[in-house]
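Welcome! Take a moment to look over the fold before reading on, and follow the strands with your eye as you go.

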Amino acid sequence: MLSPFSATLRAVATRALHTQAAAPTAVPNALSLIRSQPAQYVVASVAGRKYLLTPRDLLTVPRLKDVKVGDVLRLSDIHELGSREFTIRGNPTIPPEQVRVEATVVEHTKGKMEFIFKKKRRKGYERTVQHKQTYTRLRIGPIDIVEDASS
């Protein structure tokens, strides 16, 4: 039977062993470690905002006027790449030669009807302005971590 002290010691040793597993020193090594993980994510800027994205996500952003349905956009501002175990952060972005993420324009749509009520007290002035915000929906493609050509 294990004493409580030895069980605690074993748990701490196991935890220390787990946390020391692989501290990559070079970016290519880190990229290969993230590539070996089953699922990855990126933090990318789209239309001036940062979004946490995974493959097959459906992203709704404010209307992108210069794209059509079916167009494929390449996300160039990638700030972070990671998986469950490892993360790489850019300074401020990860170079596009290392990570490639594409998004396909699915549709241009409008949000729900918003009613803006304007009133001036004691003047009899009342107006209701109706408005629908326009949006573009993007489908995120696979995250391609590019292998280093020199290795």
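In what follows, two strands count as paired if DSSP finds at least two bridges between them. Please keep in mind that this is a predicted model.

**The open sheet**

Four strands make up an open sheet, in the order E3-E8-E7-E4, and their pairing is antiparallel. Strand E3 (58–62) and strand E4 (72–75) stand at the edges with a single partner strand each, so one side of each has no neighbour in the sheet. On average, neighbouring strands of this sheet are turned by 45° against each other, direction ignored.

| Strand pair | Bridges | Residues opposite each other |
|---|---|---|
| E7 (residues 99–120) and E8 (residues 125–145) | 18 bridges | Lys-110 and Thr-134 |
| E1 (residues 40–46) and E2 (residues 49–53) | Five bridges | Val-42 and Leu-53 |

E1 and E2 form a hairpin, with two residues between the strands. In that turn, Ala-47 has a positive phi of about 55°.

**A helix with a buried face**

Now turn to helix H2 (residues 27–35), whose buried residues are Ala-30, Leu-31, Leu-33 and Ile-34. Seen down the axis of H2, these residues fall within an arc of 160°, so they line one face of the helix. What do the buried residues of H2 pack against? Their partners are E1, strand E5 (78–83), strand E6 (87–94) and E8.

**The nonpolar core**

In soluble globular proteins, nonpolar side chains tend to be buried together. The largest nonpolar core of this model has 27 residues. Those that touch the most other members are Val-42, Leu-53, Leu-75, Leu-81, Val-99 and Val-101. H2, E1, E2, E3, E5, E6, E7 and E8 each supply at least two residues of this core.

**A glycine in E6**

Finally, look for Gly-90, which lies in strand E6. Is Gly-90 buried or partly exposed? With a relative accessible area of 23%, Gly-90 is partly exposed. Gly-90 and Ile-78 are twelve residues apart along the chain, and their C-alpha atoms are separated by 7.5 Å.

Methods:
Residues numbered from 1 in each chain as written. Predicted model: local features only at pLDDT ≥ 70, side-chain atom pairs only at ≥ 80, totals over all residues. Heavy atoms only, no water. Axes fitted to C-alpha atoms, helices over the stretch in contact; angles between N-to-C directions. Buried < 20%, exposed > 50% of the residue type's maximum accessible area, 1.4 Å probe, protein only. Arc of directions from axis to C-beta. Contact = heavy atoms within 4.5 Å. Core = buried A, V, L, I, M, F, W, Y, C linked by side-chain atoms within 4.5 Å.
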